[in-house]
Amino acid sequence: MNRLILCPGRIILNEHQMATILIIDDEQNILVTLSRALQLENYRTEVAGGGKVGLSKLAEQPVDLVLLDVKMPDMDGLDVLEKISESHPGLPVIMMSGHATVEIAVRAVRMGAIDFLEKPLSSEKVMVTVANTLKLRQLCEENRDLKELAGLQNRMVGDSPPMRVLYDQIKIVAPSNGRVLITGENGSGKELVARAIHENSLRASNPFIKVNCAAVPRELIESELFGHEKGSFTGASQQRRGKFELADAGTLFLDEIGDMRLSMQAKLLRVLQEGEIERVGSADTIVGDVRVIAATNQDLPKAISAGRFREDLFHRLNVIPIRVPALRERREDIPALTSHFLRQACEQNNRPAKSFAPGALERLSDHDFSGNVRELKNSVERLVIMVPDDTIKPTDVDCWMKPGLRPGNTEGTESSFYNPDLTIKEMLANAERTFILQALQNRDGHVTNAAKQLGLERSHLYKKMKALGIRQ
Ligand SMILES: Nc1ncnc2c1ncn2[C@@H]1O[C@H](COP(=O)(O)OP(=O)(O)OP(=O)(O)O)[C@@H](O)[C@H]1O
Ligand SMILES: [Mg+2]
């Protein structure tokens, strides 16, 4: 079955148009009329005059949906259904019967049939049921793909001794309710660790809510965390629940906690001490059950000495400290991480599977990944996109890993952004996108440092990245 392909400005394929439907029925006239009606709606059809032929057709070719009669002389429809459920789990089967009794319908649904049509068939009803069933199947497949992708993205890779220590810590810590403070260099995997703790905890089926304390403008952070009442400040046109409330029974991940301002630190401390929150503009207290995990790449004891971070808040958050090792402390993980990112990047960028030629991986491993795993991930994605061959050679690695030769660093003349087909707004957006990507690349994906270089507020840069579709 073709997937719905959304390409702006191009033809949109209807995912149902080429679906193949197998009709199994002993009544010849049903096979003919149903098949013709479905073909008129652009479905491909296959017909079988009995259960046995139907099953062998199914074994020979891919089918997207089966319309199956209940009463047939050679084989009972429910027996055929049972065989289909065994050989093709998940294949939607719609039963058809002239003797539709509730009992048969219930049995059929229990055995995996998706719907039941009563004879004489109404062609309108058949079309609606077929279209809905195919749509449902497509959504289920997409959902499964997304889950697989999310699972792949959230999987922690690496079997080095420091990673094994980390996995043990996660396993011990996860089932408790203790607050965790995750530290580590930028791009080392702190967020992944926070997610792993949540997913291995008893809260796993409840929300994991992330707040990037560096990305939220300082005047909005209180409302972001605790919510607000309608009219509590200019722009508060609706009542809004804060992230603490949204994380109820789950985990709240306070990322980049080292960047939180002192005044907000005091408010957070009070909430952690008292276990209650108040929405901005409300005197009512809300009691919740939230596990807090915080992360930072800053040296908090140093920030405390410098008067930038409250010591009492540090102790509240640092109940269980976890340090994520830098990539240079576990270089033996580079090959496994590289092949993981290679697979992921090929899938995400619609590229055929690629591999490294002998010597290329060693060249990559020699690189000093000061931006840690994120830099390795971005480098592999760059190679996947920029190297046209299926095999990435050592020379490709040399070419695309040299800062001076990275894309965008060459010939950055003003005319390179000029495009007669674009409006000035679009050209400016392209230019802005390129400059931000370059700044991020030069700062190994570290947004705070890139913002500094560009002379922007961190939150402003985050906003721009979001608007320009730049993933961190
Ligand atoms: N062990 C790992 N296995 C697989 N992927 C990883 C691993 N560690 C990090 N990654 C990937 O690297 C990227 C950076 O990881 P993450 O965002 O968790 O780092 P971070 O320490 O939170 O970074 P920052 O300091 O910039 O906030 C993510 O895409 C993440 O999925
Ligand atoms: Mg992070």
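Which residue stands opposite Leu254 in strand 10? The residue opposite Leu254 in strand 10 is Val211.

This is a predicted model, in which local features need pLDDT of at least 70 and side-chain atom pairs count only at pLDDT 80 or more, while totals for chains, interfaces and linings use all residues. Residues are numbered from 1 along each chain as its sequence is written, and side-chain values use heavy atoms, with hydrogens and water left out.

Strands, like helices, are DSSP runs numbered from the N terminus (H or I with at least four residues for helices, E with at least two for strands), and two strands pair if DSSP finds at least two bridges between them.

| Partner of strand 10 | Sense | Bridges |
|---|---|---|
| Strand 7 (residues 208–212) | parallel | five |
| Strand 13 (residues 291–296) | parallel | four |

In one of them, the rings of Phe226 and Phe244 have their centres 5.6 Å apart and their planes at 35°, so the pair is tilted; rings of Phe, Tyr and Trp (its six-membered ring) pair if their centres lie within 6.5 Å, and planes under 30 degrees apart count as stacked, over 60 as edge-to-face and the rest as tilted. Because Phe226 lies in helix 8 (residues 221–226) and Phe244 in helix 9 (residues 243–246), the pair ties together parts that are 18 residues apart in sequence. Both Phe226 and Phe244 are buried.

Methods: Chains lettered and ligands numbered in written order. Buried < 20%, exposed > 50% of the residue type's maximum accessible area, 1.4 Å probe, protein only.
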